Amino acid sequence: MQQPLQITFKEMKHSDAIEARVREHAAKLEKFYEPIVHCHVVIEAPDRHSNHGGLYRIHIDVTVPGDEIAVSHQGSKNHAHEDVYVALRDAFRAARRQLQDSLQKKRGKVKRHSPPGSND
């Protein structure tokens, strides 16, 4: 990355273990799509006043040349996201899919549909 990875913890204390996992995921993302300019990850803890375990919210902004990918990930009703590591994994998977789509568009490999009325 051209700029250092930025990690923000909201409504929770900093965790070295969580930061290490974010760095692992970001490194894998960078191996997949090398010209990443910047990556900012926000990890937000669930509301503390809920009766049930809350769901972590993950927001990832990835800047690449000519594009910016933003992933806001909260597993709606997915109780697996009560675990921050599962929430991180799923958010980074979503970011990778968006980067793949962006890369395919840049390479012109997006499937184009024929206009209505054409007989191709």
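Start by selecting Glu 19 and Arg 23: they form a salt bridge, with the closest N and O atoms 3.0 Å apart. (That term means a side-chain nitrogen of Lys or Arg within 4 Å of a carboxyl oxygen of Asp or Glu.) This is a predicted model, in which local features need pLDDT of at least 70 and side-chain atom pairs count only at pLDDT 80 or more, while totals for chains, interfaces and linings use all residues. Residues are numbered from 1 along each chain as its sequence is written, and side-chain values use heavy atoms, with hydrogens and water left out.

Now colour helix α1, residues 16-32: Glu 19 and Arg 23 both sit in it, 4 residues apart, about one turn of the helix. (Helices are DSSP runs of H or I, at least four residues, and strands are runs of E, at least two, numbered from the N terminus.) Arg 23 is partly exposed, at 40% relative accessible area; buried would be under 20% and exposed over 50%, with partly exposed in between (1.4 Å probe, protein chains only).

Stay in helix α1 and pick Arg 21 and Glu 24, which are 3 residues apart, again about one turn. Their salt bridge has its closest N and O atoms 3.8 Å apart. Arg 21 is partly exposed at 32%, and Glu 24 is partly exposed at 45%.

Next, where does Arg 57 find its partner? Select Glu 44: the two side chains meet in a salt bridge, 3.2 Å from N to O. Arg 57 is in strand β3 (residues 57-64) and Glu 44 in strand β2 (residues 38-44), so this pair ties together parts 13 residues apart in sequence. Glu 44 is partly exposed, at 23%.

The structure holds 4 salt bridges, including these.
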